[in-house]
Amino acid sequence: LWAQMTVTSSFASFIHAVRPEHLSKTVRQRSKRMILDSIGVGLVGSTTHVFDIALQYCRLYSSVAVSSVYGKPGVKLSPTLAAFTNGVATHSMDFDDTWHPATHPSGAVLPALLAASQMLPPTTKPNGMDFLLAFNVGLEVQGRLMHFSTEAHDIPKRFHPPSVVGTMGSAAATAKLLSLSTAQCGHALGIAASLAGAPMANAATQAKPLHIGNATRLGFEAALLAARGMEANPLILDDIPGCSGFSAFYSVYQPKPLSTPSDHHEFLLEKQDIAFKRFPAHLGMHWVVDAALSVRNLFINYAGSFSPSLIRTIVLKIPVSKYINRPFPSSEHQARHSFQFNACTALLDGEVGLSSFTESSIHRQEVRELLDKVVVEHPEDNVANFDKMYGEVALLLHSGDVLTGKCDTFYGHWRKPLSKESLLKKFRSNASHVLPEEKIEAIITMVDNLENLSDSSQLACSL
Amino acid sequence: LEISTSFFFFFPSQTITGNFANVIHGLNANHLTDQVIQRSKRMILDTLGVGLLGTSTEVCHKVTQYSKIYSSDISSTIWGHLDFRLPPLYAAFVNGVAVHSMDFDDTWHPATHPSGAVLPAVIALSEAFPQKKKISGLDLLLAFNVGIEVQGRLLRFSSEARNIPKRFHPPTVVGTMGSAAACAKLLALNQLKCKNALAIAASYAGAPLANAATQTKPLHVGNAAKHGLEAACLASQGLQGNKQILDMESGIGAFYTDYNPQALPTLQSYPWLLDQQDVAIKRFPAHLGTHWVADAASSVRRKLVESSDNFLPLDKIEKVILKVPEVKYVNRPRPTSEHEARHSFQFVACSALLDGSMSVQSFTSENIHRPPLQELLGKTQLEHPPDNTPSFESLYCEVSVTLRDGNPISHRCDTFYGHWRKPLKKEDLEKKFQSNASSVLPAEATEGILETVYNLEKVDDCSVLSTFLSGQSDRPLSEKLRFL
């Protein structure tokens, strides 16, 4: 009678239902030996140098919480936990920036720098320029690492890129801000590699924002440990036959050195801009939404108004990418990762915004009816790559007529960047949910004049 | 700056990692262009706005609540310390690091270090419950076993796991999951939350093997314990992940090239893996592979010494050949640090030949660098017979010493003392514990731990274990050791 259980549920059931009486005599005996040995080993281990370093680091947490949390003026946390919390906030709605090759670069770097800036004593506060530089170091390292593998050029399948390169970027950025020595910078990267890498399966779930939260926090931790003398493999980014370093996260890995900066270093950001999202959903959705909006206009001209009953089939031409192909999303996280849902919402409402992803919006009858009509196609020329993909929405009407909308480059993509006004509009709209107008304008001004700011921790304090 | 440019002139070939470090260190504000400045400021602004908005989300509320724990008074014991305590998460981390700090902890088959990832987490957690809630020794024992079992089951999902690893360090993959499972058990989470604990833990799992034989390796176990605990706590607060995390290739499967998950057996007379497959307990603090080498080398030394009036004819040794499996990260001809020495077939062979046996002391800096050892290392080579498979279940080691007069003396070890096929006797296990524990605890506390663990399933309140661990040994406390 019971339907076949998934492997995961069988584990959950076991963990939940197992009882003491299930333990056999042998198991009890053996596991007690293990516990005894483990404790003894731990006790002698407390006399080691590595233990001292780990301990010194952790004792930070007995000190006063000094770092700000976005939108909570009265709250302060310890620096890495503030970074964690703010990183989670940043990716919580999939509203943050995306780069090519694919990752969410800023959320992995900024929260750590903000938290770190408040951690440093008054005499050594980094200025706005230091801050800006460290931020760019964090971006640059991420971009360079992604160029080590051709896999990275396409929408990911195995490891979520922010959890791989983001952690490394955060380590690099924080190491920069803290002015670590060359050797320490290397060790920060090495330690960070052992904290990197989360599987894709948690994308489109509530746990996904933790990927950015942890990237920024753990990269920061790596730098703090390196600052205290922790050492790692100095060849972590190199190809080490028979024993993987950073290459563990890729099946094809060809590391390349960075040119040493003399007078001129070309940052990747120079040649390759970022995409900003206009609504809080996976980047891929932005193409189908713009395509849907254009065909919606055609349809309204054709029929006088948006009349779903006239539509027989909705055909979406999209690239192949399993984690964003969801015919009937049931949660907000799934909805943000569904070509079908975003296309239908755009068709129905004429826009996609924050409120499109609330529980009630997701479960609207009209949306479900449209979703029922959707058919998905994967044209061979539609590559799963943010630089090359397109979105096409075709309405096949009962009358036999076909209306089509296609989008190659959505507004906000690096080929068609948001204007200054659009970007400010997005910021003001977002910030106004938790901050009063004066504070909002103050932040805008501070960031605009960042290179002239004498104490960059003021930025963090203003949040 | 002048100095650094000439440095690069004389040493043109550089590692990539070293190169990154140089660049990170050497970039300055002058390198930024107007366009880069402009674009990155837009990014910062946008990110701030997005972050501010994000504070109103449910996921953010949960992590804020979780993180606020660190402002509270909840704290757990740091093993061996009475002078301070840490929040449970960091107690698990620090104690986990301690456990793996010397590569002295247990090893299982398929290969991982199971206990270090679980025990520090469950002990730290047991101290974090509100006062009224008492955790019994049996609760602790059960949770511990759940953590071990889950690791063993996961290791059986991939044929890769049977051999000594090459890509990801197993404790960081399955250890994190085991810790999450054990903590979920101790927290008595419902099924849904157990699933989420596993899902969240997967996003913390996985560290590359290259940090083995470095100072960072112990952090692998510390982090496994810490992150598994965190995952369970987040799940307890309602955070959700992918409920098919063990089923999907893009879930835990991401860490393996072949992945075939299977459901666990039913609960009726549950067949624990630990029942069928014991662990190996180490006799000295080094990689398990070196234990075969040590036993073989000790036997060879005995033979050598017998045949030359009871002293080791160091000068007469021409070469030392070790027949071992091919395991690159334990192949180190001249280790320079304690971490490297613990991961060196060659080092352990030579130490055992010189001293007769291995101990904690074998890895001190003086011993690593002593001239007789260095000399012997110079004469040592490895061979990799094709039948010597890199698996802790089947590998062997043959040590062969050739003297100048030509006669090779050799010995082969198939199963070292402490391996699961030849487990340590109770007295020897106790001796190891006593030796370790007494380096930081007074005798009464050491005795207290021994008694408590031996009778763990009858202990009413397992907090007595933590009390002993911190070094307390007042007589009134021994009375607390009430048994059911």
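Start by selecting B:Leu429, B:Lys432, B:Phe433, B:Asn436 and B:Ala437, the buried residues of H17(B); buried means under 20% relative accessible area, exposed over 50% and partly exposed in between, with a 1.4 Å probe and protein chains only. Look down the helix axis: these buried residues fall within an arc of 120°, so they line one face of H17(B) (the arc is taken from the directions from the axis to the C-beta atoms). An α-helix has 3.6 residues a turn, so residues three or four places apart point the same way. On the other side of H17(B), pick out the exposed B:Glu427 and B:Lys431.

This is a predicted model, in which local features need pLDDT of at least 70 and side-chain atom pairs pLDDT 80 or more, while totals for chains, interfaces and linings use all residues. Residues are numbered from 1 along each chain as its sequence is written, chains are lettered from A and ligands numbered from 1 in the order written, and side-chain values use heavy atoms, without hydrogens or water.

Next, the cores. A nonpolar core is a set of buried Ala, Val, Leu, Ile, Met, Phe, Trp, Tyr and Cys residues joined through side-chain atoms within 4.5 Å. The largest has 230 residues, and those with the most contacts inside it are A:Ile191, A:Phe246, B:Ile200, B:Val348 and B:Val401. Helix H6 (residues 128-146) of chain A gives the largest share of this core, 11 residues.

Now centre on A:Phe246: its contacts (heavy atoms within 4.5 Å) include A:Leu145, A:Met168 and A:Tyr253, leaving aside residues up to four places away in sequence. Finally, select A:Ala102, A:Phe306, A:Ile324 and A:Leu370, which are among the 48 residues of a second, separate core.

How values were computed
Helix = DSSP H or I, 4+ residues; strand = E, 2+ residues; numbered from the N terminus.
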